[in-house]
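Work through the exercises below with the sequence and the structure at hand. Each task is followed by a worked solution.

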Amino acid sequence: MTTTPTDDAASSSPVPNTGANPEETKREETNREEALPGEAAPGEAGSGEANATEARAADTAAELADAMTRAIKRIRRRTSERLEPYGITPGQGRALRALAHAPGCELPGRAMRLSDLADRLHIAPRSATTVVDALEEAGMVERAPDPADRRAVRIVLTAAGRSAVEQIGQVRHEVAQEYFGPVSPADQDVLLRALRTAEAAYAATTPPCRPSPGAGR
């Protein structure tokens with residue numbers, strides 16, 4: 001029997017050299033065929049474990065965010081309840097604390113400007129005006145012309161305002177201790193460092209948001 005040219009070409013054509021060991025290639029194919037449905041083959045286990053770790057980290061971060069939201073709501077509610085007998089709202093308390101941290105807050109020439117207070121509280125200027133109006137009516141602050149710019153107004157903290165700041169500080173410490181008291185000081189330090197790290201990274205990469213007109217009330 002004579003061999004046709006076609007048969008000769010097929011039988012004599014060289015096998016492409018891929019550089020892979022035939023035995024290793026055969027074992028890899030067998031592993032993939034024998035892997036159960038939904039189960040990674042031995043060569044794919046590393047990537048599967050990495051994906052599972054990332055998923056767990058994402059779940060933990062989401063749970064931490066939810067826990068923080070609950071904690072903030074509870075602390076704010078309790079703080080508001082404790083400040084109510086003093087006639088101070090949480091928004092007014094934040095404004096008083098911001099004013100108290102301004103060096104020379106009792107002096108017209110060094111007290112904080114209204115615009116600076118709005119920036120510090122991340123609220124619109126008209127919202128800051130509403131807060132200051134209420135504090136002025138309560139005798140806790142006074143408006144004074146800016147010696148350097150008569151068109152600007154500085155907010156001067158009065159003696160009643162300084163007394164209110166002390167009351168606010170006491171309430172804040174009491175509420176914080178009640179909520180975080182069951183947590184060990186060491187764990188509190190770890191949580192505080194973690195939140196500071198997250199906040200610094202967020203502030204460095206996120207542009208400041210525009211304040212809501214109704215914020216700060």
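A residue counts as buried under 20% relative accessible area, as exposed over 50%, and as partly exposed in between (1.4 Å probe, protein chains only). The model is predicted: local features need pLDDT of at least 70, side-chain atom pairs count only at pLDDT 80 or more, and totals for chains, interfaces and linings use all residues. Residues are numbered from 1 along each chain as its sequence is written, and side-chain values use heavy atoms, with hydrogens and water left out.

**Exercise 1. Classify D146 and R113 by accessibility, then describe how their side chains meet.**

Step 1. D146 has a relative accessible area of 1% and is therefore buried.

Step 2. R113 has a relative accessible area of 26%, so R113 is partly exposed.

Step 3. The two side chains meet in a salt bridge, 2.8 Å from N to O. The term stands for a side-chain nitrogen of Lys or Arg within 4 Å of a carboxyl oxygen of Asp or Glu.

Step 4. Strands (E, at least two residues) and helices (H or I, at least four) are DSSP runs, numbered from the N terminus.

**Exercise 2. Which residues form salt bridges with R82, and which helices do they link?**

Step 1. Begin with the general idea. Side chains of opposite charge can pair when their charged atoms come close.

Step 2. A search of the whole structure finds eight salt bridges. One of them joins the side chains of E174 and R82, at 3.4 Å from N to O. E174 is in helix α7 (residues 159–180) and R82 in helix α3, so this pair ties together parts that are 92 residues apart in sequence.

Step 3. R82 also forms a salt bridge with E178, where the closest N and O atoms are 2.8 Å apart. This pair links R82 in helix α3 to E178 in helix α7, 96 residues apart.

Step 4. R82 is partly exposed at 26%, E174 is partly exposed at 33%, and E178 is partly exposed at 43%.

Step 5. R78, E81, R82, E174 and E178 are linked in a network of salt bridges.

**Exercise 3. Is T79 buried or exposed, and what does T79 touch?**

Step 1. T79 lies in helix α3.

Step 2. With a relative accessible area of 16%, T79 is buried.

Step 3. Leaving aside residues up to four places away in sequence, T79 touches V171 and V175. Contact means heavy atoms within 4.5 Å.

**Exercise 4. Name the residues of the nonpolar surface patch and the elements that supply them.**

Step 1. The patch is formed by L64, M68, I72, L191 and L195, with about 370 Å² of accessible area together. Such areas come from the Shrake-Rupley method with a 1.4 Å probe; for residues, only the protein chains shown count as cover.

Step 2. Apply the rule for patches: residues with over 30% relative accessible area and no salt bridge, where nonpolar side chains (Val, Leu, Ile, Met, Phe, Trp, Tyr) are joined within 5 Å and like charges within 9 Å. I72, for example, is partly exposed at 41%.

Step 3. The elements that give two or more residues to the patch are α3 (45–83) and α8 (185–205). Helix α3 gives the most, with three residues.
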